[in-house]
2 protein chains.
Amino acid sequence: MLPPGATLGILGGGQLGRYMAIVAQQRGFRVAVLDPDPDAPAHQVAHERVIAAYDDPAALERLAQLSQAVTTEFENVPASSLAPFLDRNIPVRPGAKALATCQDRIAEKTLVNAAGIETAPWHAVHSDQDLGMALAALGGEGILKTSRSGYDGKGQARVRSLDEARAAFGRFGSVPCVLEGVVPFALECSVLVARDAHGRSHTLPVCENIHSHHILDVTICPARVSEAAARAMRSRSARLAQELEYVGHLAVEFFVLPDQTVVVNELAPRPHNSGHLTIDTALHSQFEQHVRCIAGWNSLPYELLHPAAAMANLLGDLWEHGEPLWDRLAEFPEVRLHLYGKRAPRPGRKMGHLTAWADSVAEAERRVRDAREALTRPG
Amino acid sequence: MLPPGATLGILGGGQLGRYMAIVAQQRGFRVAVLDPDPDAPAHQVAHERVIAAYDDPAALERLAQLSQAVTTEFENVPASSLAPFLDRNIPVRPGAKALATCQDRIAEKTLVNAAGIETAPWHAVHSDQDLGMALAALGGEGILKTSRSGYDGKGQARVRSLDEARAAFGRFGSVPCVLEGVVPFALECSVLVARDAHGRSHTLPVCENIHSHHILDVTICPARVSEAAARAMRSRSARLAQELEYVGHLAVEFFVLPDQTVVVNELAPRPHNSGHLTIDTALHSQFEQHVRCIAGWNSLPYELLHPAAAMANLLGDLWEHGEPLWDRLAEFPEVRLHLYGKRAPRPGRKMGHLTAWADSVAEAERRVRDAREALTRPG
């Protein structure tokens, strides 16, 4: 258990790293961030800034010298980047096994299924031959996804014929892929799990995620699913955290079918966009949980403070016609604004989010949507 | 109204500046801090660090170049330090008038009384002759306080005779003082006021402050006072903010007498230790309110999210026998820990605080006291 005053190292300086840093500092920890961008969101708030590529040996050495424990804000960390920490017995949390598994769809789905937990039907694709067999097995259509490095719909293609599948596989450079069967889901959910080094895990009530153009748009909590489905998602997520020997905050994404059966979509070994609503509306935030677990402290009960909560992302698109009308938020005193300090509001770029709570998810969702809409509509 | 992305300058890098910085950054502002200590709590989290004395002309120039608005975390700022900002039309909030008034007890009490608001009886003391007359007028005893630069009981002496009064006045270097009559108060309270540039102010329900050795020990909210007393304190505080043409967060300290009449003790033109409970337990924190007002945004409703809240300071004394037993906090999952990143836990030094909420102030107070006690008692 690291005492306050110890330094936590964070690989990655985006908004997730930024909130990890803010929370760690509020608990008295020091924070060192490694990110190549000197103006990265987390560098802006960090105590020690290491400005270098994630695979720069000297920079990793420097971070290892500074840190008593280290974590990552994204799953695509090369294993070689973890070596300087492991060599010095500096705890890396989540650990190498969890990262290696979650950065590779084939390994991840294999682990999930091996734990007796359902995913969409899938096949590993390493060649055109694999692709043909997989497509046939899935009835001639599916979603081709690169096994590594995809996010927000990138590295994915819906394919409805062998020609389309081959074209997509070629476009992806014939790297290892998975072909997934199309699941006719009713909605998408995520379970946020905090698991500490003692193996105790806590899950938040299930979040329901509404996407737009493959990017998370709105999250509401608790999800509008049956109690049995919610229970199944929470218990399976805790089980997966255990299988991964996970320490830190994990998000497990699910598809919920019309009959309320659930299948795992994918895992995110870190705080997650859908968990941003925990900052303002839960007893402890996902970043609090993550930082505690990284530092070897116990995870904490994971509860909403209100009957319902909602979060709406603010993408760069909102800046299309100039600065959003921030003064409009005066009409929404109960909606909280979060911005990540990014200078360039490109379309699709996550610039910030809004959160609200209410007595019902419908009302919480209405609040964040109304407030977001007001930002581009003169009053 | 400054848009997110603008830089707020903060004179002073203690825990108040640190929380201003954290909140400003969460709302997308950038933060530049001026403090002579490179390891000051706010420097640890700030985007731009100006490490220099508060009256260093080059450093003030640098802060003025960086900042679109500037604020202070303590009242004892020399007027000359504000000149570089005022010269460039950079808003200084709270303004020069409020700072000049609140850094001088004589000016402050004069303004309060001129607004028709009661203080303890007091007399300005510039000479031994003044002192003799003041002591006689107050019945032979009182509290001598330096007019400037006092805090946490420093620059104060209880005097019961002319000899004691003269000795204290001499010890203070015969600087201008006030001699105050001793008020037999039942309890001490504070009102937190957020007033924006449009003149709209909001007050939190009254806080009750329990001191130990002249340092704030525990705050509970709402205070255990009559409704009429609470109403009087809130309305007088809002009136004082108006008299000061105040923009930002102001704290007004009161004495409440056994018959529930109230008199103003002193003003703090900034977020205040008693307002730390707002971070976890109010709709918007005192730092949120301060930052919004500094940036020219509207102040927001100032309400508790729970029936009652409490805060207990963690002073350096807690480290007397070594590192506090942080793992004991696992037994208090609803108590929030805050630490300010200070390396040296000297006795009396404010290192952090705990907050909790509950259905009653008695229960909230019990929670923070029990958690604090556990920190030094092996489980």
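Tutor: Look at S15(B): both of its faces are covered, with Ala308(B), Ala310(B), Ala312(B) and Leu314(B) buried on one side and Ala309(B), Met311(B), Asn313(B) and Leu315(B) buried on the other. Buried means 20 or more other C-beta atoms within 10 Å of the residue's own, exposed means 12 or fewer, partly exposed is in between, and C-beta atoms are placed from the backbone. This is a predicted model, where local features need pLDDT of at least 70, side-chain atom pairs count only at pLDDT 80 or more, and totals for chains, interfaces and linings use all residues. Residues are numbered from 1 along each chain as its sequence is written, with chains lettered from A and ligands numbered from 1 in the order written.

Student: Which strands pair with S15(B)?

Tutor: Strand S12 (residues 215-221) of chain B runs antiparallel to S15(B), joined by four bridges, and strand S17 (residues 350-358) of chain B pairs with S15(B) antiparallel over eight bridges. Pairing takes at least two DSSP bridges; strands are DSSP E runs of at least two residues, helices H or I runs of at least four, numbered from the N terminus.

Student: What are the bridge partners of Ala310(B)?

Tutor: Ile220(B) and, in S17(B), Ala356(B).

Student: New topic: is Leu375(A) buried or partly exposed?

Tutor: Partly exposed, because Leu375(A) has 19 C-beta neighbours inside 10 Å.

Student: What does Leu375(A) touch?

Tutor: Leaving out residues up to four places away in sequence, Leu318(A), Pro324(A), Leu325(A) and Arg328(A). Contact means C-beta atoms, placed from the backbone, within 7 Å.

Terms used: Two residues are in contact if their C-beta atoms, placed from the backbone, lie within 7 Å.
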